[in-house]
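Open the model in your viewer and keep the selection panel at hand.

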Amino acid sequence: MKEMKFYGTALPNVEIEPYSGKLIVIEGADGVGRSTHVAMLRTWLESAGNAVLDTGMTRSILAGRGIKNARSGHTLGRITMQLYYATDFADRLQNQMLPALRAGFIVLTDRYIYSAIARAIVRGADPDWIRAIYGMALVPDAIFFLRLGSPETLAGRVLRSGNGFDYWESGMDLGLGNDYYDSFIAYQKLLLKEFDRMIGEYGFHVIDASRSINRVATALRRGISRVIETEAPAAPKENPKIAMVEKQVTKPAKDGSSVAS
Amino acid sequence: MISYGHHRYPGRLFVVEGTDGSGKSTQLALLYQWLRSEGYSVFFSEWNSSPLVKDTTRRAKKRRLFTPTTFSLLHATDFADRTERDIIPPLKAGAIVLADRYIYTAFARDVARGCDRGWVRELYRFAVKPTAAFFFRAPLDVAIDRIAAARPTLKYYEAGMDMDWSNDEEESFKMFQGKILDEYDHMVNEFGLTVVDATQPIRTQQRQMREIVSRYLKERLKAKEALER
């Protein structure tokens with residue numbers, strides 16, 4: 001069991017109580033392969049007997065549809081957009097993530113507050129303002145940042161996915177380039193800069209996403225295994241030094257218990 | 001992002017605040033008529049009116065999907081859209097904007113629902129500081145009587161039924177309105193709200209309001225004359 005810890009002020013009407021689940025965040029740029037990896041991880045975790053909830057931006061019952069409609073009109077102001085996303089996040093946090101964590105689920109989230117913060121800052125929001133709003137967020141057990149340093153490679157992946165460039169994910173509202181490609185490259189560069197700044201601040205585990213899907217998947221599984229299998233009751237005691245080093249590496253979950261697997 | 005108190009626009013923004021039944025909308029409508037007849041360009045902006053958010057709010061109220069936090073955030077989203085669409089552009093163009101309810105409504109309601117005072121204020125930091133904010137203050141029993149006369153049934157969130165303070169709608173409504181009024185009273189000094197005694201005759205209240213508004217408009221005209229000279 002682990003105590004709930006929030007970045008800032010906890011939500012009203014939320015009972016702060018220990019939870020037995022794990023909150024695992026997969027962050028990274030558009031086209032980096034987050035959703036592919038979340039799907040693979042889910043299968044892997046479930047086949048090992050873990051109950052999994054996966055969630056991601058705009059999937060709330062409250063605001064998901066509203067955001068999609070607003071995005072299609074291209075008339076969404078910058079501050080309005082940030083707050084709509086915060087509403088979506090709060091609804092999922094209170095109605096999906098927290099209940100699942102209390103029930104012992106592994107919650108896999110495709111993006112968390114970090115993407116929202118990076119997008120807002122790139123659009124001129126005051127960094128303190130957007131961070132204060134997301135002070136409602138639960139501190140995750142682990143954050144994996146799929147990092148790809150080359151926006152050109154990202155662009156190639158977006159195209160290969162068959163969906164093409166999205167207006168907002170290309171940052172077209174920012175007027176950074178003459179066409180979707182130029183804008184996408186410029187926008188992703190700005191976002192990467194913000195993400196890199198957050199690595200230390202939030203304790204991201206950085207995973208080099210320029211490698212093959214299989215190698216990234218292996219790295220993710222290894223990282224997640226450490227988080228969900230800490231302090232197993234059967235752990236041998238004869239080697240305390242190694243155990244201590246291990247604990248430091250897996251800092252975010254040091255007081256968590258393992259979920260039955 | 002420009003923070004509260006730091007926007008510099010040639011237009012003027014006047015807002016009315018107060019509990020339900022305080023008569024603030026009536027007063028704002030009368031002010032609107034007067035300003036129009038004086039030849040000003042006047043825009044009107046209402047609480048909860050963003051076309052991007054309206055449907056989501058309506059559905060959430062109907063299906064009772066809100067928590068205090070999401071209630072607060074969705075109303076802030078609605079307000080942000082109004083700010084970006086209906087409030088800032090006319091102010092930039094030098095027009096007068098009248099707002100029926102403003103950020104103080106959110107501060108009062110959300111804090112009454114248990115949201116953190118500091119968090120809610122931070123949330124609305126992007127808002128334009130009004131030229132003047134009128135708080136129509138009616139004692140609790142007067143406001144409740146007025147609403148009871150106007151509306152036979154109370155809505156779920158309006159009565160604060162989501163807070164489980166009481167199973168009785170009327171009882172819950174009274175408690176909720178009491179908490180809201182307390183929050184408004186705290187804000188009078190914090191934000192320099194202009195208090196209007198809402199138990200006075202309508203004409204008296206309107207006269208007070210016009211006096212104050214015209215003062216801000218005269219200032220503006222004087223400044224303009226000085227500039228032309």
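A residue is buried if 20 or more other C-beta atoms lie within 10 Å of its own, exposed if 12 or fewer, and partly exposed in between, with C-beta atoms placed from the backbone. A nonpolar core is a set of buried Ala, Val, Leu, Ile, Met, Phe, Trp, Tyr and Cys residues joined through C-beta atoms within 7 Å.

This is a predicted model, in which local features need pLDDT of at least 70 and side-chain atom pairs count only at pLDDT 80 or more, while totals for chains, interfaces and linings use all residues. Residues are numbered from 1 along each chain as its sequence is written, and chains are lettered from A and ligands numbered from 1 in the order in which they are written.

**Stop 1: the core.** Select A:Ile24, A:Ala86, A:Val107, A:Ile117, A:Tyr134, A:Phe144 and A:Leu146. Of the 128 residues in the largest nonpolar core, these touch the most other members. Helix H3 of chain A (residues 78–102) gives this core its largest share, 13 residues. Helices (H or I, at least four residues) and strands (E, at least two) are DSSP runs, numbered from the N terminus.

Stop 2: Centre on A:Ala86. What does A:Ala86 touch, not counting residues up to four places away in sequence? Its partners are A:Ala116, A:Ile133, A:Tyr134 and, across in chain B, B:Leu73. Contact here means C-beta atoms, placed from the backbone, within 7 Å.

**Stop 3: the chain contact.** Show both chains. Chain A puts 28 residues into the contact and chain B 29 residues. On the side of chain A, H2 (64–73), H3 and H5 (127–133) each supply at least two residues. The largest share of that side, nine residues, comes from H3(A).

**Stop 4: two helices.** Select H2(A) and H3(A). They pack at an angle of about 160 degrees, with axes 9 Å apart; axes are lines fitted to C-alpha atoms, for helices over the stretch in contact, and angles run from 0 to 180 degrees between N-to-C directions. That makes H2(A) roughly antiparallel to H3(A) (angles under 35 degrees count as roughly parallel, over 145 as roughly antiparallel, 65 to 115 as roughly perpendicular and the rest as oblique). Now show side chains: A:Gly64, A:Gly66, A:Ile67 and A:Ala70 in H2(A) meet A:Tyr84, A:Tyr85 and A:Asp88 in H3(A).

**Last stop: the whole chain.** Zoom out to chain A, with nine helices and five strands. Of its 261 residues, 42% count as buried.

Conventions. Two residues are in contact if their C-beta atoms, placed from the backbone, lie within 7 Å.
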